[in-house]
Structure formats: structure tokens, C-alpha cells
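Let's take a friendly walk through a structure, following its side-chain contacts one group at a time. Have your viewer ready and pick out each residue as we come to it.

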Amino acid sequence: MSAIFNFQSLLTVVLLLICTCAYIRTLFPSVLDRNKVGFLGTFWKCARIGERKSPYVAACCIIMAFSILFLS
């Protein structure tokens, strides 16, 4: 089953996208900052979510890891 049809996999992919974009923006800020609109603007928005909501994103990552390791 693909990640689109499985809700837990979809949440995992979204969390990984947010964390990856935030990490890339800390290393190379100019890469994401020059593309704030359009399709590539999605990555900039994910990086902003990862930066501003980092305690909540971290908590979601821990909960997701716990559910994948122990509940699946």
C-alpha cells in the first residue's frame, strides 16, 4: 500500500519532509529562501513550520517513532 492511502505512512512522510526542510535551511538558507512561491515554496513553508513549531514537531516525531516501533 502506498503512503497516500495509509494514514500513518502519510504522517511519517510529512514529518520527515518538515524535519528535512528545516535541517537543509539551517545548513544552506539561501537555497530555500529564494523560492518562496510556487511548488518549491512548499519546501520553504515546511522549513518555516519546522523552525517555528519545533517543540510540537519533535513531540510528533517521538510519538510517531514510538507507534512505529511498538504498535505496528
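Is phenylalanine 66 buried, partly exposed or exposed? With a relative accessibility of 48%, phenylalanine 66 counts as partly exposed. Keep in mind as you look around that this is a predicted model.

The whole structure holds 2 aromatic pairs. In one of them, the ring centres of phenylalanine 66 and phenylalanine 70 are 5.1 Å apart and the planes meet at 50°, so this pair is classed as tilted. Both residues belong to helix H4, which covers residues 54–71, and they sit 4 residues apart, about one turn of the helix. Phenylalanine 70 is exposed, its relative accessible area being 59%.

An unreviewed UniProt entry lists residues 53–71 as "transmembrane region". In the model, that span is 95% helix and 0% strand, and its end C-alpha atoms are 26 Å apart.

Now turn to the other aromatic pair. Phenylalanine 39 and phenylalanine 43 have ring centres 5.8 Å apart, and their planes stand at 80°, so the pair is edge-to-face. Phenylalanine 39 is exposed, at 66% relative accessibility, while phenylalanine 43 is partly exposed, with a relative accessible area of 27%.

Next come the charged side chains. The model has 3 salt bridges. Aspartate 33 counts as partly exposed, with 26% relative accessibility.

Arginine 25 also forms a salt bridge with glutamate 51, where the closest N and O atoms are 2.7 Å apart. Why does this contact tie together separate parts of the chain? Glutamate 51 lies in helix H3 (residues 41–52) and arginine 25 in helix H1 (residues 7–27), so the pair links parts that are 26 residues apart in sequence. Glutamate 51 is partly exposed, at a relative accessible area of 30%.

Glutamate 51 has a further salt bridge, to arginine 48, with 3.3 Å between the closest N and O atoms. These two residues are 3 positions apart in helix H3, so about one helical turn separates them. Arginine 48 is partly exposed, with 23% relative accessibility. Through shared partners, the salt bridges join Arg25, Asp33, Arg48 and Glu51 into one network.

Finally, have a look at the cysteines. How many disulfides does a search of the whole structure find? The search finds 0. For cysteine 21, the closest cysteine sulfur is that of cysteine 46, and the distance of 4.9 Å is too far for a bond, because a disulfide needs the two sulfur atoms within 2.5 Å. Cysteine 60 is in no disulfide either, as its nearest cysteine sulfur, in cysteine 61, is 7.1 Å away. Cysteine 21 is buried, with a relative accessible area of 5%, whereas cysteine 60 is partly exposed at 40% relative accessibility.

How values were computed:
Residues are numbered from 1 along each chain as its sequence is written. This is a predicted model: local features need pLDDT of at least 70, side-chain atom pairs count only at pLDDT 80 or more; totals for chains, interfaces and linings use all residues. Side-chain values use heavy atoms; hydrogens and water are left out. Buried means under 20% relative accessible area, exposed over 50%, partly exposed in between (1.4 Å probe, protein chains only). UniProt positions are given in the numbering used here, feature names are shortened, and annotations may be inferred rather than shown by experiment. Rings of Phe, Tyr and Trp (its six-membered ring) pair if their centres lie within 6.5 Å; planes under 30 degrees apart count as stacked, over 60 as edge-to-face and the rest as tilted. A salt bridge is a side-chain nitrogen of Lys or Arg within 4 Å of a carboxyl oxygen of Asp or Glu.
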